[in-house]
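Subject: A structure for you to look at

Hello,

Here is the structure I promised to pass on to you. Please open it beside this message and follow along as you read.

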Amino acid sequence: MSAQAFRVAVLASGTGTNLQAILDTVHGQDGIEVGAVASDKPGAMALDRATDAGIAAECFPRDGFDSREERDGAMSEWLAEKEIHLVVLAGYMQLLSPSFIERWRDRIVNVHPALLPSFPGLDAIGQALDAGMEVTGVTVHFVDEGVDTGAPILQRPVPVPASRDRDELEDAVHATEHILLPEAIRLLASGRVSAERVDDALASKVDVEGTGVPFGELTAEAARAQGQRLTDVGTWGPLQRVAKVAHAWKLLAAQLEKEGRATVRDLPAADVIEHAERLWVLPPPEGLIEGVRG
Ligand code: GRF
């Protein structure tokens, strides 16, 4: 165990492609080490990936213990022995018991295949398709006692393909997860983001790929105009809104460039935000418009 390393544990139930992305892009870099991988599923491919990488791997199956609390207690002890700083849920399909969450509070994060708080729970991709969304996405968030309710750390939009083909959308969502989850781990390891400082992630880290536009400033500006902190804006997840505005900004930039018109930077923020509102097929959740626009 290297001195001072930021030690990450990954919990996974399935194939472990997110684990692999973490192993390939953050493990062994910038003082970050994956120190343990646990699963509830005997034979999960994630366990093989860990073993292949020389990382301690252990299975805690539900039927191997008298209760969920007991199973989670054993897992908690094992993670503590491994001197873990951060527990990453990457496709872990079990609810964690309250005592586990209490012990690791603010040190558990999850990746969810939707822009929370839209579509929490199972089959988030199917939920987004059924709801007729044009844009969905990925969220990395802190884990609390609720189902996908903890504070968001990073969110990124993923456009639903025109074909509305589920496999195509799943591939795009997974590819985004493989970038966003390692990025969140790096942010947490660096100490630039913590449970107390989620706000700081907004301005600096949620980005519009390819435009170089600091859109965090745009939404921060909108919030300031309302005399509110970004996290108080509306009842909607602030990062969801940022992600949506980012997507709108990107589309507008492409459109303006095609038409040979002024750059998107010349547009008033309100226009970009209005365009963003129109990208969602469903009406925004109640309270959003009041919260944002006063
Ligand atoms: C991911 O889509 C994650 O968001 C979901 O389960 C999937 C896990 O995939 N909860 P993998 O095991 O990392 O390949």
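Predicted model: local features only at pLDDT ≥ 70, side-chain atom pairs only at ≥ 80, totals over all residues.

Residues are numbered from 1 along each chain as its sequence is written, and side-chain values use heavy atoms, with hydrogens and water left out.

**The sheet**

Helices (H or I, at least four residues) and strands (E, at least two) are DSSP runs, numbered from the N terminus. Seen this way, 7 strands form an open sheet with mixed pairing, in the order β3-β2-β1-β4-β5-β6-β7. Two strands pair if DSSP finds at least two bridges between them. The edges are β3 (57–59) and β7 (152–159), each pairing on one side only. From one strand to the next, the twist averages 20°.

How many of the residues of β1 are buried? The count is 6 of 6, where buried means under 20% relative accessible area, exposed over 50%, and partly exposed in between (1.4 Å probe, protein chains only). Phe6, Val8 and Val10 cover one side, with Arg7, Ala9 and Leu11 on the other. In a regular strand the side chains alternate between the two faces of the sheet.

**Helices against the sheet**

Helix α3 (residues 68–81) lies across β1, β2 (32–39), β3 and β4, and runs at about 160° to β2. Axes here are lines fitted to C-alpha atoms, for helices over the stretch in contact, and angles run from 0 to 180 degrees between N-to-C directions. In α1, the buried residues are Asn18, Leu19, Ala21, Ile22 and Leu23. They pack against β1, β2, α2 (45–52), β4, β5 and α6, with contact meaning heavy atoms within 4.5 Å.

Ile101 sits in helix α4 and is buried, because its relative accessibility is 2%. Beyond its neighbours within four places in sequence, Ile101 is in contact with Leu96, Ile108, Val143, Asp144 and Glu145. Glu145 is 44 residues from Ile101 in sequence, yet their C-alpha atoms are 6.9 Å apart.

**The largest pocket**

A pocket is an open set of points on a 1 Å grid over the protein atoms alone, where a 1.4 Å probe fits, with protein on both sides within 12 Å along at least five of seven lines; lining residues have an atom within 4 Å of a point. The largest pocket has a volume of about 920 Å³, that is, the space filled by probe spheres set on the points, which are joined across faces, edges and corners. Of its 41 lining residues, Gly91, Tyr92, Met93, Asn110 and Val111 are the closest to the centre. α6 gives the most to the lining, with 4 residues.

**Two positive phi values**

Most residues other than glycine have a negative phi. Asp123, in the loop between β5 and α5, has a phi near 50°. Arg164, in the loop between β7 and α6, has a phi near 55°.

Happy exploring!
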